[in-house]
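Q: Please take me through this model a piece at a time, and spell out the cut-offs as you go.

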Amino acid sequence: GIVRNSWQYNVVADKIGIYSSDTVIVVGAHYDSYASKDTTYFNDSPGADDNATGVAAILEIARLYQLHNLQPIKTLRLELYASEELGLIGSDFAMRQAQNSNKHLASMICLDMIGCNLTQTDGNIRFVNYDNSDSLTAFCERTAQNYSTLTHERNSIYTRSSDSYSYYSWGNKAIFI
C-alpha cells in the first residue's frame with residue numbers, strides 16, 4: 001500500500017509442499033533501511049546489515065531450492081517486506097493476508113541483521129525467542145549445533161523489533177534470528 005506518499009511492496013514466493021501443501025512455513029526479511037536523521041547517509045546508514053544480510057539469505061535459499069530442484073514437505077513461503085523500519089507495516093500486511101487464506105501457518109523464521117556482531121566476538125547466533133515458540137527455537141538451536149560451528153544464545157530482547165513480531169502477535173510460532 002501507500003506509506004508516506006509512496007508505494008511499498010512485499011515480495012512473496014511459494015515453493016509448494018509435496019505432502020502438506022496447505023501448511024506454510026514462512027522465512028522472511030525486510031528490505032528497507034533507515035539512516036539516522038542526525039548524520040549523513042555516509043556516516044550512519046546500516047543498510048548492508050539492516051537488512052541486506054537477511055535479504056541475501058532469502059535470495060540464497062530461493063537460489064538453492066531452484067538449483068537443486070528441492071521439494072519441501074510443507075509449503076515454503078519466502079517473504080521480503082517493505083516498511084519494517086516504519087513499524088512492521090509490510091509483515092503486518094503479509095500476516096493479515098495469511099490469516100485470510102485457507103492455509104495453516106506453521107511458523108515464521110525472521111532473518112534480520114544476521115551479519116550483525118554487537119558483542120564483537122566471532123561466530124554467534126542470537127535466537128530471539130517468543131513465549132509460544134520454545135519448540136521452534138529449540139529446533140533452530142539444534143540445527144545450528146549440528147550443522148555449524150557457530151555458538152548460539154537465546155534471549156527475549158528485541159521481541160517487538162522485527163517482522164517476527166507481526167506473526168507472534170497473531171498467535172503464531174515465530175523466531176527472530
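Q: What does Tyr158 count as, going by relative accessibility?
A: Tyr158 counts as partly exposed, because its relative accessibility is 45%, where buried means under 20% relative accessible area, exposed means over 50% and partly exposed is in between, with a 1.4 Å probe and protein chains only. This is a predicted model, in which local features need a pLDDT of at least 70 and side-chain atom pairs count only at pLDDT 80 or more, while totals for chains, interfaces and linings use all residues. Residues are numbered from 1 along each chain as its sequence is written, and side-chain values use heavy atoms, with hydrogens and water left out.

Q: Where does Tyr158 lie, and what is its phi near?
A: Tyr158 lies in the loop between β8 (151-155) and α4, and its phi is near 65°, a positive value in a residue other than glycine. Helices (H or I, at least four residues) and strands (E, at least two) are DSSP runs, numbered from the N terminus.

Q: And Ser83, buried or exposed?
A: Ser83 counts as buried, at 2% relative accessibility. This residue is found in the loop between β5 and α2, and the phi of Ser83 is also positive, near 60°, in a residue other than glycine.

Q: Stepping back, what does the secondary structure come to?
A: The chain has four helices and nine strands, and from the N terminus on the elements run β-β-β-β-α-β-α-β-β-α-β-α-β. Of its 177 residues, 37% count as buried.

Q: Where is confidence lowest and where highest?
A: In terms of pLDDT, the predictor's confidence in each residue from 0 to 100, the lowest mean is 69, in strand β1 (residues 2-3), and the highest is 98, in β5. The chain averages 89, and 88% of the residues score at least 70.

Q: Let's go to α4; why does Ser166 count as buried?
A: Ser166, which is found in helix α4 (residues 164-168), counts as buried because its relative accessible area is 3%.

Q: What does the Ser166 side chain reach?
A: The side chain of Ser166 makes a polar contact with the side chain of Ser91 at 2.8 Å, and the Ser166 side chain also reaches the backbone nitrogen of Asp92 at 3.4 Å. A polar contact is a pair of N or O atoms within 3.5 Å; within protein, one must be able to donate a hydrogen and the other to accept it, and residues adjacent in sequence count only if both atoms are side-chain atoms. Leaving aside neighbours within four places in sequence, Ser166 is in contact (heavy atoms within 4.5 Å) with Leu88, Ser91, Asp92 and Met95.

Q: Which residues of α2 are buried?
A: In helix α2 (residues 89-99), Gly90, Ser91, Ala94, Met95 and Ala98 are buried. Seen down the axis of α2, the buried residues fall within an arc of 135°, so they line one face of the helix, the arc being that of the directions from the helix axis to the C-beta atoms. Their cover includes β5 (74-81), β6 (104-110) and α4.

Q: Last topic: which residues line the largest cavity?
A: The lining consists of Val24, Arg77, Ala98, Ser101, Lys103, His104 and Leu105, and the volume of the largest cavity is about 30 Å³. On a 1 Å grid over the protein atoms alone, a cavity is a set of points where a 1.4 Å probe fits but cannot get out, a pocket is an open set with protein on both sides within 12 Å along at least five of seven lines, and lining residues have an atom within 4 Å of a point. Grid points are joined across faces, edges and corners, and a volume is the space filled by probe spheres set on the points.

Q: How much space lies in the second largest pocket?
A: About 160 Å³. Eleven residues line the second largest pocket, and the closest to its centre are Gly1, Gln8, Asn10, Ile89 and Phe93. The largest share of that lining, three residues, comes from α2.
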